[in-house]
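Have the model open beside you as you read.

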Amino acid sequence: MTTKTSNTRVTPIRSGILAIAGILALAAIAFLLNFRLFFTSGPSMEPTYAEGTFLLASRLYGDPEPGDVVFLLHDDYYCMKRVAFVAGEDVSQAGYEGYWGTNIVPEGYVYVLGDNADESFDSRDPEFGLVAISDIWGKPLAQRQKGEGA
């Protein structure tokens, strides 16, 4: 007669559920740290982004480049602008003047504009100024107009 020396081990479901809950909690935290939902108000980015547009934004992006739309923190609120010039570029080529002592965008900064130039408070105004790259929160990934169906 042969003696049996091994058994199939079974893990209680509650520890599996706790592990799954932990993984989901970590995934939720990672999502909240790297993604955010924004809602547009104001005309500065019209017609590209109409007032009332919902946007999913991501912090996971490379260096900002001319043409990129970015979310940035300005005077304690988030706003949305388009990067027009990056470090080393001359803003006078597009008819703008550098009020910071030169026409060249300095390292670590970008020059941003709203798509609706007549309504946008942006880098053309010294009160808004250049934007530090560290103040850029992220870029839009997806959008949905207010009132769009499912």
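Asp76 counts as exposed, at 78% relative accessibility (exposed means over 50% relative accessible area, buried under 20%, partly exposed in between, with a 1.4 Å probe and protein chains only). This is a predicted model, so local features need pLDDT of at least 70 and side-chain atom pairs count only at pLDDT 80 or more, while totals for chains, interfaces and linings use all residues. Residues are numbered from 1 along each chain as its sequence is written, and side-chain values use heavy atoms, leaving out hydrogens and water.

**Backbone in the loops**
- Asp76 has a positive phi of about 70° although it is not a glycine, and it lies in the loop between S3 and S4.
- Asp75 is found in the loop between strand S3 (69–74) and S4, with strands being DSSP runs of E, at least two residues, and helices runs of H or I, at least four, numbered from the N terminus.
- Asp75, not a glycine either, has a positive phi of about 50°, and it is exposed, with a relative accessible area of 58%.
- Glu46 and Pro47 are joined by a cis peptide bond, with omega about 0°; Pro47 sits in the loop between strand S1 (35–39) and strand S2 (54–58).

**A buried lysine**
- Lys81, in strand S4 (residues 77–86), is buried yet has no salt bridge (a side-chain nitrogen of Lys or Arg within 4 Å of a carboxyl oxygen of Asp or Glu).
- The nearest side chain of opposite charge to Lys81 is Asp122, 5.3 Å away; Lys and Arg count as positive, Asp and Glu as negative, and His and the chain ends are not counted.
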